[in-house]
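Q: Could you walk me through this structure? I have not looked at one like it before.

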Amino acid sequence: MRAARAAAIAIALVAAGGCRAVVELVESDPAAEVDAAGPDPTCQPWSFAPATLDPCALPAPGPALTLTAGTWGYDTNSGALTDPAQDVTFPPSALVMPAGGPELRAVSIARFDVGPGAVLRVSGKRPLVVVAWSDASIAGAVDATSRIGA
């Protein structure tokens, strides 16, 4: 990553058909400040074209998502994130239908951190794509399980 400029990292956590998880990290220049109400009208195209989504069609990035020790849950059906104390929040997300692929849940956040001892369990019928508009760090574990059409 380049320290002199911000980078956008898309993490695709996709599990289907017996796969536990597939993770893809992609770096690029991010857009300027965005409108939290919906897609960013000032979003600049990325230097590459992600096959599964248009980053400029996503909601404006929410604040950094930092998962601390404990078991966290993310439901791709509802977009609900449940923390170890069973409190629920809804990070900014959108349902995305790529051409020829299954519907995805895309979460748009400034930064993504899964700390040591943290476990993120992803469930639901949709694959999950986490779009971190600066950087991401996974020191804990991500357990993604999805069955298309379930």
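The chat below goes through the strands, the cores, the cavity and the salt bridges.

Q: What kind of model is this, and how are its residues numbered?
A: This is a predicted model, in which local features need pLDDT of at least 70 and side-chain atom pairs count only at pLDDT 80 or more, while totals for chains, interfaces and linings use all residues. Residues are numbered from 1 along each chain as its sequence is written, and side-chain values use heavy atoms, with hydrogens and water left out.

Q: How many helices and strands does the protein chain have?
A: The protein chain has zero helices and 13 strands. Both are DSSP runs numbered from the N terminus, with at least four residues (H or I) for a helix and at least two (E) for a strand.

Q: How much of the chain is buried?
A: Of its 150 residues, 40% count as buried. Buried means under 20% relative accessible area, exposed means over 50%, and partly exposed lies in between, using a 1.4 Å probe and protein chains only.

Q: Which strands form the open sheet, and in what order?
A: Five strands form it in the order S6-S5-S4-S10-S13, with mixed pairing. Two strands count as paired if DSSP finds at least two bridges between them. Strand S6 (88-89) and strand S13 (141-144) stand at the edges with a single partner strand each, so one side of each has no neighbour in the sheet.

Q: How do S4 and S5 pair?
A: S4 and strand S5 (residues 80-82) are antiparallel and share three bridges. Gly-73 has Thr-82 in S5 as its bridge partner.

Q: Changing topic: what about S8, is it buried or exposed?
A: S8 is mostly covered, as six of its six residues are buried. Leu-104, Ala-106 and Ser-108 point one way from S8, Arg-105, Val-107 and Ile-109 point the other way, and all are buried. In a regular strand the side chains alternate between the two faces of the sheet.

Q: Which strands are joined to S8 by bridges?
A: S7 is joined to S8 by four bridges, and the two run antiparallel. Ser-93 stands opposite Val-107 in S8. S11 is joined to S8 by five bridges, and these two run parallel. Arg-105 has Leu-128 in S11 as its bridge partner.

Q: Which residues touch the most other members in the largest nonpolar core?
A: They are Leu-67, Leu-81, Phe-112 and Leu-120, in a core of 16 residues. Strands that give two or more residues to this core include S3 (65-67), S4 (70-75) and S8 (104-109). A nonpolar core is a set of buried Ala, Val, Leu, Ile, Met, Phe, Trp, Tyr and Cys residues joined through side-chain atoms within 4.5 Å. In soluble globular proteins, nonpolar side chains tend to be buried together.

Q: And what does the second core include?
A: This separate core has twelve residues, including Leu-58, Ala-94, Val-96 and Leu-104.

Q: What lines the largest cavity?
A: Its lining consists of Leu-65, Tyr-74, Leu-81, Pro-91, Val-107, Phe-112, Leu-120, Leu-128 and Val-130. About 60 Å³ of space lies in this cavity. A cavity is a set of points, on a 1 Å grid over the protein atoms alone, where a 1.4 Å probe fits but cannot get out, and lining residues have an atom within 4 Å of a point.

Q: How many salt bridges are there?
A: The count comes to four salt bridges, each defined as a side-chain nitrogen of Lys or Arg within 4 Å of a carboxyl oxygen of Asp or Glu.

Q: Which parts does the bridge between Glu-103 and Arg-126 tie together?
A: The side chains of Glu-103 and Arg-126 meet at 2.7 Å, N to O. Glu-103 is in the loop between strand S7 (93-96) and S8 and Arg-126 in the loop between S10 and S11, so the pair ties together parts that are 23 residues apart in sequence. Glu-103 is partly exposed, at 27% relative accessible area, whereas Arg-126 counts as buried at 12%.

Q: Which residues are linked in a network of salt bridges?
A: Arg-111, Asp-113 and Asp-135 are linked in such a network. The side chains of Arg-111 and Asp-135 meet at 2.1 Å, N to O. Arg-111 is partly exposed with a relative accessible area of 29%, and Asp-135 is partly exposed with 22%.

Note on methods
1 Å grid on protein atoms, 1.4 Å probe; cavity = no way out; pocket = protein on both sides within 12 Å on 5 of 7 lines; lining within 4 Å. Points joined across faces, edges and corners; volume = space filled by probe spheres on them.
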